[in-house]
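Here is a friendly look at one protein model. Please keep the sequence and the 3D view open as you read.

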Amino acid sequence: MAVTDKERKLAATLSDPVLWGQAYLYNRDGSGRDYWPHQVEDLRCPAKNIIHLDGRDVGKSIVLSTDALHYAFTTRGGQGLIAAPHQGHLDTIIEEIEFQLDTNPDLMNSIALTKYGKPKIHRKPYFRLEFTNGSVLYFRPAGAYGDAFRSLHVGRVWVDEGAWLTERAWKALRQCLKAGGTLRIYSTPNGLRDTTYYRLTSSEQFHVFRWPSWLNPLWTEDREAELLEFYGGRDSSGWQHEVAGEHGKPSYGAFNVEQFNLCRQDLLEYQKIVITDSELRDCDTEEAAHDRLEMLLNLTPRSGQFWVGGDLGYTNDPTEIVVFQETEIGERTLLKMILRVHLEHVSYPHIAQIIALLERYYTPAGIGVDNGGNGLAVVQELLTLDKYKGLELEGRLKGYDFGGMTRLAVRDGKEIKKRTKELMTSLINGALQRKQVIFPSDDLEVEDQFTTHTYTLRDGKIIYSKGNDHIIDAVRCAMLIREEGNLDPVGEEVVSLKPVLTNPVFI
């Protein structure tokens, strides 16, 4: 029987992930999916092992989700794993895939059905898609040890943000991939050297893609100038990693991942509250805004000793406020994070109102905030305006200059000082080492920030990574306000120059 032109076209579409994506997938504005030249090169690359060094906003999630869906749609009985360090990374890819399923009926019809007629889209304990052709896509977070990978044996693996996988997770992941299988690793480099990801970018067995952010067709001179100012120039590790997609200067983990994971627990009392400007727009008066904020916070008065920390960003930056409860267990002091308030596009007068409400419900022993962004304005409002005088915050509310110095002691008439941000970080590290601080295990953003925060050394000074650290900065302020009265005058910075990740997996 002769093959028709329609059948030839269909066969060509099914065999090419680029043509298939253009035929089946859509952009969020409803237009048909099209691919940038560098994305086309990746999707059509025949190499079994692929690894990326990517800047931000180059479309790697689009490529990964396209390739995964194409594989499942066209491979009878295929099994693939989409892996990432944390669930938060996976959620972005899952959201894109669910959007495509909801948008294209043909794609949704390729999902297998249960005996009750429901699509085989499993969400617990991990996200999983089953297709009518017998293919299965598994989505698993690595965590610290890669335990979620151990039961799988698949023919294709996609790794998102591979630079942040721990060595134990890499070992578990390697056991998942069948002999002769395909491995695609996507990541923004982080500068850590003694890692599997770093080694694989130099391996002759891997095809390496380098995608700097300026490959994005929407890149402009204004965007370049904005990022240069934010990261501190082309020489900064932030620019090299996040924009240029280069390993750049050697980086080190600011916190020990294993120590951090040992300090995570299920906290029944923990609350995460998100407030955006849209929820306050119709509040015409100060009283209306106060009542709305009190309703959104939904707090109950608590007894005990509490400490509050805040990273108060500009209106366009997120603000993070955290509350710790201090308890005594025998001779041990324990700090538990019981509340995190995440604010988006909320102006500083409203941030001041929120802190005033926290004071009312918790009566914290100390409130520390950063003096950058909105911090200085918020501190001035709370300490000087008549309406806040009754809170008596003088001496309990302090703003900190992260770039400044903190006096530890006076000896022989000379002040002993330490850089404030380094001191704050050493306080967190000390609490982690002593298992003195407890973080909620179900707040994935806390996990993501603490396990990916790095620093570089420049002229003997520690330079911390920027951008994904707002929660950490809030915790830094809470720890310093708590310790300010009894700082150890001879304490040294607790920062390990030894990278957390070790030992090769792929040789």
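## About the model

The model is predicted: local features need pLDDT of at least 70, side-chain atom pairs count only at pLDDT 80 or more, and totals for chains, interfaces and linings use all residues. Residues are numbered from 1 along each chain as its sequence is written, and side-chain values use heavy atoms, with hydrogens and water left out.

## The second largest pocket

The second largest pocket holds about 420 Å³ of space (a pocket being an open set of points on a 1 Å grid over the protein atoms alone where a 1.4 Å probe fits, with protein on both sides within 12 Å along at least five of seven lines). Its lining has 21 residues, and Gln 87, Tyr 126, Pro 141, Gly 143 and Leu 444 come closest to the centre. Lining residues have an atom within 4 Å of a point.

Helix H5 (87-103) and helix H16 (444-452) are the elements that each give two or more residues to this lining (helices are DSSP runs of H or I with at least four residues, and strands are E runs of at least two). H5 gives the most, with three residues. By class, eleven lining residues are nonpolar, five polar and five charged. The pocket lies between domain 1 (10-249) and domain 2 (257-488), because both give residues to its lining.

## H4 against H5

H5 also pairs with helix H4 (residues 60-74): their axes come within 10 Å and cross at roughly 55°.

## Backbone details

Pro 125 sits in the loop between strand E3 (121-122) and strand E4 (128-130). The peptide bond from Lys 124 to Pro 125 is cis, with omega near -5°.

Asn 298, in the loop between helix H12 (286-297) and strand E12 (305-311), has a positive phi near 50° although the residue is not glycine.

Terms used
Grid points are joined across faces, edges and corners, and a volume is the space filled by probe spheres set on the points. Ala, Val, Leu, Ile, Met, Phe, Trp, Tyr, Cys and Pro count as nonpolar, Asp, Glu, Lys and Arg as charged, and the others, Gly among them, as polar. Domain bounds come from an automatic or database domain assignment. Axes are lines fitted to C-alpha atoms, for helices over the stretch in contact, and angles run from 0 to 180 degrees between N-to-C directions.
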